[in-house]
Structure formats: C-alpha cells, structure tokens
Amino acid sequence: MIQIAVLLLAYAGFVALCASMTKHQVETLGRTLMLREQRLLRAAGWAGLAAAYGCAVVAVGWRFGSVLWVAAIMVAGLALTLNMPYRPRGAARAGGVAALTAVGLLLLVKVLVLA
Amino acid sequence: MNGAFRQSMSWLHTWTGLLFGWILLAMFLTGTASYFRPEITRWMQPETGKPASVSTAVAGAEAYLRKVAPNARSWSISVPDARQSTVLVSWRPQPKPGEADKPRRRGGRLGEQAVLDAGSGQIVKPRETRGGEFFYRVHFQMHYMPVILGRWVAGLCAMFMLVAIVSGVITHKRIFKDIFTFRPKKAAQRAWLDAHNLTAVLALPFHAMITYTGLVTLMSLYMPWGMVANYGSTEAYFDAVFPRAEAVRRQGPAPLIPLGPVMAKASEVWGGGRPWIVSVTNPGDRSARIEVTRHSGDQLSNLGGSLTFDGVTGRLLTREPDMGPGRRTAAVMYGLHMGRYADPLLRWLYFSCGLAGSAMVATGLILWTAARRQKLPDPDRPHFGFRLVERLNIGTVAGVPAGMAAVLWANRLLPLDLAERAAWEVHGFFIAWGLFIAWAVVRPARKAWVETLAAAAFLVAALPLVSALTSRRNLVRSLADGDWAMAVFDVTLVALGATLAFCALKAKRYKPTVKPKRKAVQPVEVAA
C-alpha cells in the first residue's frame, strides 16, 4: 500500500512542479500565479517527490526503494505529460486527488500498524 | 554550448538512430516482453497448471529423481519461483561400460531431463515451444545466425543506442523547460518531436540504465582483455570465479538425506533467500554433495552465490566466497537490467518504461520522415531513400508487435505433432514481420499505416479468443481458478491491442497540415 503512495506522491509532485511553471499555469490552473504562489507550488512539488522517496525507502528499504522511486517518477511524469494536451485541468485536479489519497493510504497503514 | 558542436551531435543522433532504429525497436519490444518471460512461457504451455510453493516443488522433484535415477552421477533441479508452474529436473546417468568419462561442458545439459508439474510432481508434457525464452534470447542474440555473432550485433546496436542517448541529450536544447510539453495538435514535425522528446526525457534514467547495463551483461564477450591479461584466457577466469565441483569418487552406498531440511538450512544461512538450482552429485553414496544456488530474486545483484552441503549428514561444507567490488558492481548492473528482483508493481513500472523506450525509438524513426516530408522537392513522389525509410518504418512499427503476436498464434494453431514445432513458432515472428514490410511496400504509405496498425491490433487483441477456442486457457477459467497472472495476461493483450487500434484510428483521422505555398523569396528577406 505504501508502494501505491509512492506512485501517487510522485504524480502529485510532478503536477505541482508543472503547474508552477509559467508556461503551464494557465492551462492547468486557469490563471497566472503570483510569484509567491509559484514558489510555494514549486516547493510543494519537490516536497512531493521527496516524500515519495521517503515512502519508497520505508516500504522496501533504500536499495529497492531507490529503484522503485526512479521508476515511479518516470512513469508518473509520462502519465502526466501524455494527458496534458488533452485534459490539462483534469490532470492537475488528479494531482490533488493523488496527494490526498496518498495521505489517506499512509494514515490507514499507520492505523493498521498501531492496531 | 557551441552551435557547431550541437549541430554535429544532432547529425550523429539522426543517423545512428535511423540506421540502428529498426533493430533497436525489435530489441526494445522483445526485451520489454521478457520482463514477463515466465508468464509468457506459462501462457504458451496451456497443459501446465498453477505455480506451487518451493517446498512442494522440490519435494515432487526429489521424489521423482529418487524413483527414476537413484544411482545417477548427478541430479539437477531448477526450482520454480512463484511465477513458474513447472520444475525442470535433469540427471546424468552412470557412464556406460567403456564410455570415456568426459568432464561436463560448462552450462551443458545433464543428459536426461523431465518437466514436472510444480504442484503434483507428476510428469507434464507441454506442447513443444520455446515460450518466453524466444523473446528473451532474440532480444540480445538475434536469430538465424550464430549466437556469438548475434550478440555482437546486439552489442553494436546497444553501443549506438548509447551514442544516440548521449548525442540526443546534447542536441535537446530545452530538457527542463520542455519537460512537460506535448503538442500533438501542432504540425507533424513539432508533434512527433515532442512525442520523441517526452518518451526519451521522462524515462531517460531507464533508457540510460538499460542500454549501459545491457552492454555490461555481455562485457566478458565484448571486452575480454582485462580477464585475459590477468587469467590468461576467459575460460580460466570463469573457472576461477565459478569453480566446478571436482569429480568425487564413489565411496560406497549411504542414504541421501531429504532435500527439504537442507533447503531450509540454506535459506537460514542466506537470511531468508530462496533456492534456485539444487544439484546433487553421487546421490545415494557416502561422497554425496548437495549444492544449492541462491535465487537472485531478493537482491539487486543477479548472482546469489551457492552453498555446498554433505549429502549424508547435511553439514554445510563450503560457501561461495564473497564477491569483490568489481564483480559485485557488475552483478548489480546485470540484476538491474534483468529486474528479476522486482515485485509486481515495480515489474509493471519496468514494463511501462520498456514501452516508453519502444515508443521513443518508433517516434524517432517516424520523426525522420516527418522532418523531411515538407522539404521534399515533390512530396507526391519522394526519392528512393525517403520511400525506403518510410516503408521500413511502417513494416517495423506495426510488424514487430504483429510478429510477436504471430508467435503466440502459431503456438495455439500449429498441429501439436508438427516436426520442428518450436522452430516454426519462431519462424512465425519473422514471416509476419516480413509480410508486414511487404504490405507497407505495395500499399500507399497513408493507407499502409492504417491497415498494418489495424491488422497488428487485431492479431494482438484476438489472442485471448484464439486461446479460448483452441486450448484450455481462457479468461473465465483463469479467473475461476484464481490464476491472476494468466487472467491479467489476457487483459493486457486486449489493452495492447486497443493501443495499436487507437494508433490506427489516429493514423486514419490524421489530416496533414496544409502548408501555404512558399512565396518566391524576396531579395529583401535574404538581405535581412
């Protein structure tokens, strides 16, 4: 389950990075961002990718986790970019959903471990 | 960066990519399929059952060998993992009187062999097929040529793939700025360039890793000089790193201990590792030795090492010494390439990256024509070189998937008692690929794209139906048996077929952007 969170966080991270770029703001978010928002979104994007790495290491250890993380960000990036020209808003919203689902999964795992 | 340098790299990228592209596409697609080699084999052997636990499989194999070859010189058991449903056992009978006692060739068969069902331990006689092994082998040693020559061809292609990757990265001016950019609705050249860039850049770590480690897997063939300089010959090197068990004289009968506890002990020594190959020398004798080689599926490295036990007392005698840093590095690279350690999720990610790599090669090939079509003196009657590339592109992009499907069709449709049946399945790959190229040559290019892609889509997507009509493997039965691997296999075939059908539809609906006729060049513009 944590492995699914890796994929979801990688996708969410890339959505934030993509939406923070000047050339993609309007198509993904429908408006241009203030400089501060842009920085915040970029930081959130990198945080998403970093969190994905953390989850990967927790799930399968740093050896396999590193491979899993690289594989996950590649496929997440492909999924996002292939969708961008067709439904940019949907791809961006899916990023939010992915982040929330990942957090939900991680909480669920935490609860299961405690129980 | 220097413009002239970038331009020369662009030239290098274009022409190496084109020249090796068609073989590279076949290598990428068959290699990608090889991540599911055991599943493909299972699908192609509908007579076999479901995977079983390691202990069940070994117990079945042991019982069989004890019955059939109690006094053999040696036994070997290929222990199946959770993805395989059969056990391959082989044994080497005692030499016949007067027969010279030749030492066994490295990697050579043991003489007699049998395929057993992993669950029941009974002999199964699956249809004659090479299964997933064909896709795996053709991916790095070609076909219809000596194996070593084929490996050199594959190495040459991989080397130029590496050249194309490095020169491509240098040529690409805006890797990070354009990382999420895909504009399929723009003019053909722009759209194909975007598609090529995104499949190349986003999966670049995979492409670089798979190409480089691919070369590493065969480095002892390509660059033997280090080994030869230090050991005298590559054979001497392999003898040193993989010592062959010396022939032990028989010392008189003694019962062989059960293999189960030995497996358990090996697993304990490895901290949970699984056995992969179990071989026994002199079973039923006081000198019996049991060698257990570790399955590499729980580590990045592809070499698990082996343990040797006394066959009568079960005492651990020797363990393979730890590898040095050089061998360990090479083994990890080998392991990364093969991905045998990957759990299902990671295996699917590997598979997706392999498809991205195939798409990268295919879009690169198409880009070559897209970039030149507008510049042709007469677009309706292109010159020979352009036509050659265009037709080979169509015949290969649609023909290789069709050829791979043809192997599976042949597996189900060829008569079971056909002589050379397994070889004919393989011929099916090349016959179909050749027919698709011929198809692309005789039809107008636009129509050829639509027709060949549609035909490939049909060949791939119809396979579950063909299987259901001709064998006991079908989706309903797989689901009812809880055989998820085979159920997912059928669904994946339909999904891949749908992807090809989508491409055919896109090709049919494609309307070339009409470029306004170029005005005569004004002298003023030239001055500017």
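Start with the sheet of chain B. Select its seven strands: they form an open sheet in the order β3-β2-β1-β4-β5-β6-β7, with antiparallel pairing. Keep in mind throughout that this is a predicted model.

Colour the two edges next. They are β3 (112-117) and β7 (316-319) of chain B, and each pairs on one side only. Now look along the sheet. From one strand to the next, the twist averages 20 degrees.

Strand β2 (residues 86-92) of chain B runs antiparallel to β3(B), and six bridges join the two. For a landmark, pick Thr86(B).

Select residues 54-68 of chain B. This is helix α3, which packs on the sheet. It touches β1 (74-78), β2, β3 and β4 (275-281) of chain B. The direction of α3(B) makes about 35 degrees with that of β2(B).

Then select residues 259-269 of chain B, helix α11. This helix also packs on the sheet, where it touches β4, β5 (289-294), β6 (306-310) and β7 of chain B. Its direction makes about 45 degrees with that of β5(B).

**Around α11**

Stay with α11(B) and show its side chains. Which residues are buried here? Leu259(B), Val262(B), Met263(B) and Ala266(B) are. They lie on the same side of α11(B) because they cover an arc of only 100 degrees around the axis. To see what covers these buried residues, display α3, β4, β5 and β6 of chain B, which are included in the cover.

Now step past the end of the helix. α11(B) is followed by Gly271(B). The phi of Gly271(B) is positive, near 65 degrees.

**Where the chains meet**

Bring chain A into view. In the contact between the chains, 19 residues of chain B meet 19 residues of chain A. Highlight α6 (188-202), α7 (204-217) and α13 (344-373) of chain B: each supplies at least two residues of the side that touches chain A. Which of the elements gives the most to this side? It is α13(B), with seven residues.

Finish by colouring that side of chain B by residue class. The residues touching chain A divide into 16 nonpolar, one polar and two charged.

Key:
Residues are numbered from 1 along each chain as its sequence is written. Chains are lettered from A and ligands numbered from 1 in the order in which they are written. This is a predicted model: local features need pLDDT of at least 70, side-chain atom pairs count only at pLDDT 80 or more; totals for chains, interfaces and linings use all residues. Two residues are in contact if their C-beta atoms, placed from the backbone, lie within 7 Å. Helices (H or I, at least four residues) and strands (E, at least two) are DSSP runs, numbered from the N terminus. Ala, Val, Leu, Ile, Met, Phe, Trp, Tyr, Cys and Pro count as nonpolar, Asp, Glu, Lys and Arg as charged, and the others, Gly among them, as polar. Two strands pair if DSSP finds at least two bridges between them. Axes are lines fitted to C-alpha atoms, for helices over the stretch in contact, and angles run from 0 to 180 degrees between N-to-C directions. A residue is buried if 20 or more other C-beta atoms lie within 10 Å of its own, exposed if 12 or fewer, and partly exposed in between; C-beta atoms are placed from the backbone. The arc is that of the directions from the helix axis to the C-beta atoms.
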